[in-house]
Amino acid sequence: MRKILIVDDEDDIRAVAALCLETIAGWEVLTATSGSEGIRRALENKPDAILLDVMMPEMDGPTTFQHLQQDPHTRSIPVLLLTAKVQGADQRRFADMGVAAVLSKPFDPLTLSSQISAALGWER
Amino acid sequence: MQQTPAQAAQLQAAMAQVWQKSLPLLRDRVNTLGRALAAIQADQLTPELRANAALEAHRLAGLLGTFGYPEGTDAARMFEIVFDSDAILQPGLGETLAPALTTLQTIVTT
């Protein structure tokens, strides 16, 4: 069973994303409400992938991603950024950081797991 | 990853519960946009309220479409673009944004 960590400061986004991935894909879902908690949970649980919100207080998604990349224990975990920023320049900047994919909010609850699987090359 | 009808129904039921639970917070967010709009019309928009409204609009834009309200995402996006810009906001902008606020208010009172 795939294990995915959702890092987002918004309760409703975490709840809906977790529902989608558990119900449709049958994945185990872990959640974190901040970048620092996300790093801690990634170290403790070694998820197969991390779905990381871009805009969060204190430590935003890109900064959290950099911390994950600097740690040899978390460097190899693929990270997908989740963003409501629609401007192409923002999307390109995020993609250039080396994340596995940049997914847009709002997401389609029925196809979120398919988007993640496709981005990571996971078998369906 | 093709979902079964039973999975889709289960997901929709669970999402309906999340929606009901989220409504008070969503109403607060829309109310913030309403206060910001009133402040524009009174030419009394503070930088703090503008920044807060931009953040709340961003959050609404990123969420409402997931719950099946793409028109809510579009309306919130209008607010986000306006409040997140460097432009000086003129009182007349209130009329332009009023329909978007009505759209959002309608969604969070369902």
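A residue is counted as buried if 20 or more other C-beta atoms lie within 10 Å of its own, with C-beta atoms placed from the backbone. By that criterion, buried residues make up 37% of the 110 residues in chain B. The structure described here is a predicted model.

The C-alpha trace of chain B extends over about 50 × 25 × 20 Å along its principal axes. If one takes the contacts in chain B between residues at least 6 apart in sequence, 60% of them join residues at least 24 apart.

One loop of chain B deserves attention. Asp43(B) is found in the loop between H1 and H2 of chain B. Most residues other than glycine have a negative phi. Asp43(B) is not a glycine, yet its phi is positive, at about 55°. Because Asp43(B) has 10 C-beta neighbours inside 10 Å, it counts as exposed.

Chain A contains an open sheet of five strands, arranged in the order S2-S1-S3-S4-S5 with parallel pairing. The edges of this sheet are formed by strand S2 (28–32) and strand S5 (101–104) of chain A, each of which pairs on one side only. From one strand to the next, the twist averages 25°. In general, strands of a sheet pair through backbone hydrogen bonds, either parallel or antiparallel.

Two of the pairings can be followed residue by residue. Strand S1 (residues 3–7) of chain A is joined to S2(A) by five bridges in the parallel sense, and Ile4(A) stands opposite Val29(A) in S2(A). Further along the sheet, S3(A) and S4(A) run parallel and are joined by four bridges. There, Leu51(A) has Leu80(A) in S4(A) as its bridge partner. Strand S4 (residues 79–83) of chain A is mostly covered, since four of its five residues are buried.

H1(A) lies across S1, S2 and strand S3 (49–53) of chain A, and it runs at about 165° to S2(A).

Several loops of chain A carry details of their own. Lys46(A) belongs to the loop between helix H2 (35–45) and S3 of chain A. Although Lys46(A) is not a glycine, it has a positive phi of about 45°. Lys46(A) counts as partly exposed because it has 13 C-beta neighbours inside 10 Å.

Ala100(A) is placed in the loop between helix H4 (88–96) and S5 of chain A. Ala100(A) has 17 C-beta neighbours inside 10 Å and therefore counts as partly exposed. When its neighbours within four places in sequence are left aside, Ala100(A) is in contact with Pro78(A), Val79(A), Leu80(A), Ala119(A) and Leu120(A). Leu80(A) is also the bridge partner of Leu51(A) described above. Between Ala100(A) and Thr74(A), the separation is 26 residues in sequence and 14 Å in space, C-alpha to C-alpha.

Beyond S5 comes another loop, the one between S5 and helix H5 (112–120) of chain A, where Pro106(A) is located. Most peptide bonds are trans. The bond from Lys105(A) to Pro106(A), however, is cis, with omega near -5°.

It remains to consider how the two chains meet. The contact takes 21 residues from chain A and 19 residues from chain B. On the side of chain B that touches chain A, H1 and helix H2 (47–63) of chain B each supply at least two residues. The largest share of that side, eight residues, comes from H1(B). By class, the residues on this side of chain B are nine nonpolar, nine polar and one charged.

Helix H1 (residues 11–25) of chain A and helix H1 (residues 5–41) of chain B have axes 10 Å apart and pack at an angle of about 170°. That angle makes H1(A) roughly antiparallel to H1(B), because angles over 145 degrees count as such. The crossing of the two helices, H1(A) and H1(B), is right-handed. From H1(A), the residues involved are Asp12(A), Ala15(A), Val16(A), Leu19(A), Cys20(A), Thr23(A) and Ile24(A). They meet Gln7(B), Gln10(B), Leu11(B), Ala14(B), Met15(B), Val18(B) and Ser22(B) in H1(B). The contact of H1(A) with H1(B) has nine nonpolar, four polar and one charged residues.

Notes. Residues are numbered from 1 along each chain as its sequence is written. Chains are lettered from A and ligands numbered from 1 in the order in which they are written. This is a predicted model: local features need pLDDT of at least 70, side-chain atom pairs count only at pLDDT 80 or more; totals for chains, interfaces and linings use all residues. Axes are lines fitted to C-alpha atoms, for helices over the stretch in contact, and angles run from 0 to 180 degrees between N-to-C directions. Angles under 35 degrees count as roughly parallel, over 145 as roughly antiparallel, 65 to 115 as roughly perpendicular and the rest as oblique. A crossing is left-handed if the near helix is turned anticlockwise from the far one by less than a right angle, and right-handed if clockwise. Two residues are in contact if their C-beta atoms, placed from the backbone, lie within 7 Å. Ala, Val, Leu, Ile, Met, Phe, Trp, Tyr, Cys and Pro count as nonpolar, Asp, Glu, Lys and Arg as charged, and the others, Gly among them, as polar. A residue is buried if 20 or more other C-beta atoms lie within 10 Å of its own, exposed if 12 or fewer, and partly exposed in between; C-beta atoms are placed from the backbone. Two strands pair if DSSP finds at least two bridges between them.
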